[in-house]
Amino acid sequence: FLSGKRALVTGSTSGIGLAIARALAAQGAHIVLNGFGEEDEIARIREELGGADYVNEDLTRTEGVEALMKGAGDVDILVNNAGMQHVERVEDFPPATWDRIIALNLSANFHTTRLAVPYMKKQGWGRIIATASAHSLVASPFKAAYVSAKHGVAGFTKTIALELASHGITANCISPGYVWTPLVENQIPDTMKSRNLTREQVVNDVLLSQQPTKKFVQPEEVAAMAVFLCRDEAQNINGANYAIDGGWTAQ
Ligand code: NAD
């Protein structure tokens, strides 16, 4: 049902973004990929998705986001997904890391959106979807920048949802709990250090302790929600923040 639509998914060379790109492509959308990775692997993904475009830009820089939007062309669907994490006590949190996380996880959403909206308005149709996080709704210690950025994404999404509501454009957040991707795997060593725990304790007592289902969310489950938000039946879902967290934020 998405043939003829062009979808940009930021951070789509891995994890959740890649699953969203695959699911939108399966519905016929033409995909623009973005993110870092091995040249061969990216070429393989482009082919798998039926000849997807790929624009390699660093979205921690405003100029990088601007170059991405220029390279991507006019998009009907914008998925703001690229993100990074850093786990450290607030007094030791490196200021440059704070700046990078706010730039990528929050400010890049603003820059892609401001550049994508004029075309969507002209078309009278658009979908803006953010991969936020359970951390857009609740906090965990040692994640000051990530939690601040994700709460910001929730607020930004509500704001643009109101601004764009009368133009056939919706803006929503999807907020997963812990999804088994490199982003989660890579934070295990720092969490072991911050909390003085073993790897097994981090997985069972920190990560999955938050999720009453005791299961990691799968990237495909997040992707299925993104696809639904693109459907005509979802035209009145606007400014929402959908938790997919096994019940974490119900507690
Ligand atoms: P991931 O590390 O598997 O993928 C991140 C993607 O972003 C990759 O394609 C990477 O190349 C790209 N990226 C990283 N830095 C970039 C930069 N500076 N410029 C452009 N692209 C960049 O992570 P993931 O778990 O799939 O995370 C995707 C999104 O989902 C993030 O916003 C993350 O915060 C969010 N999220 C993840 C989880 C989880 O448990 N994994 C939970 C909730 C929310």
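A residue is buried if 20 or more other C-beta atoms lie within 10 Å of its own, exposed if 12 or fewer, and partly exposed in between, with C-beta atoms placed from the backbone. This is a predicted model: local features need pLDDT of at least 70, side-chain atom pairs count only at pLDDT 80 or more, and totals for chains, interfaces and linings use all residues. Numbering starts from 1 along each chain as its sequence is written.

**Exercise 1.** State what share of the chain is buried, and check its radius of gyration against the globule rule.

*Solution.* Of the 251 residues in the chain, 43% are buried. The radius of gyration is taken over C-alpha atoms, and the rule is 2.2 Å times the number of residues to the power 0.38. For 251 residues a compact globule would have a value near 18 Å; the chain has 17 Å, which agrees.

**Exercise 2.** Classify Ile16 as buried or exposed, and list its contacts beyond four places in sequence.

*Solution.* Ile16 is buried because 27 other C-beta atoms lie within 10 Å.

**Exercise 3.** Describe the shell around the ligand by residue class.

*Solution.* The ligand is surrounded by 28 residues, counted if the C-beta atom, placed from the backbone, lies within 6 Å. The closest are Gly11, Gly15, Gly35, Gly83 and Leu183. Nonpolar (Ala, Val, Leu, Ile, Met, Phe, Trp, Tyr, Cys, Pro), charged (Asp, Glu, Lys, Arg) and polar (the others, Gly among them) are the classes. The shell divides into 12 nonpolar, 15 polar and one charged.
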